[in-house]
Amino acid sequence: MSDDAAALAAFGYELGVLKRMRRAGWWHAGVRDPESVAEHSMRVAQLAALIAAEEGADPARASFLALWHDTQETRTGDLPHTVSGYITKPDPRAITADQTANLPAKSRQVVRDAVDEYEAKESAEARCASDADKLEMLLQAVEYRDTGVRRVDGWIDSARKNLKTDTARRVADAAVTLSPLAWRDR
């Protein structure tokens, strides 16, 4: 077995932690079993592609950036915003550098470049991916509210306030007025 193959397999196992890692902030709202980081990231990637398509950016690139935006949480856990007064937010680039240190050069670079681009928020694709992250949180809050969780307004307001693209703002405006089951209406 090559060292490169073992490093890729080990990183694959680390990424699997995201399937079991819960989005911790939702516990504050009373959600007993919040979605995992992987479940969140999946819909973020899908939304990023849609936002990018509408904004004239590259949907595949936006989706790719979104896939990597929370992978550092295998090392830190999902830290809710309430920790900000007590600890300094870990640097996603530094965590990614550590996570990918043993990967083959091409794989290491593609992941590091994606995280760097996402964090810089300079490209249209990064802005679409960032908006998708906020929009996904908004959709999740509305879904939780629809199942009886009452204290989600702060998440909805925070997401709406921080959206940058016209498409994401329009989708957020629509989402807060729709039932999460609106897609079933034909």
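Predicted model: local features only at pLDDT ≥ 70, side-chain atom pairs only at ≥ 80, totals over all residues.
Now turn to the largest pocket. Its volume is about 1,100 Å³. The lining has 36 residues, and those closest to the centre are Asp 78, Leu 79, His 81, Lys 89 and Asp 133. Helices H2 (25-28), H5, H6 (92-99), H7 (105-120), H8 and H9 (153-162) each supply two or more lining residues. H9 gives the largest share, 5 residues. The class count here is 13 nonpolar, 14 polar and 9 charged.

Next comes helix H3. H3 covers residues 37-55, 19 residues in total. From first C-alpha to last, H3 reaches 26 Å, close to the expected 27 Å. Its buried residues are Val 37, His 40, Ser 41, Val 44, Ala 45, Leu 47, Ala 48, Ile 51 and Ala 52. An α-helix has 3.6 residues a turn, so residues three or four places apart point the same way.

What do the buried residues of H3 pack against? Their partners are helices H1 (3-20), H4 (59-68), H5 (73-76), H8 (124-146) and H10 (166-175). Just after H3, Gly 56 takes a positive phi of about 80°.

Note on methods:
Residues numbered from 1 in each chain as written. Heavy atoms only, no water. Helix = DSSP H or I, 4+ residues; strand = E, 2+ residues; numbered from the N terminus. Expected span 1.5 Å × (residues − 1). Buried < 20%, exposed > 50% of the residue type's maximum accessible area, 1.4 Å probe, protein only. Contact = heavy atoms within 4.5 Å. 1 Å grid on protein atoms, 1.4 Å probe; cavity = no way out; pocket = protein on both sides within 12 Å on 5 of 7 lines; lining within 4 Å. Points joined across faces, edges and corners; volume = space filled by probe spheres on them. Nonpolar A, V, L, I, M, F, W, Y, C, P; charged D, E, K, R; others polar.
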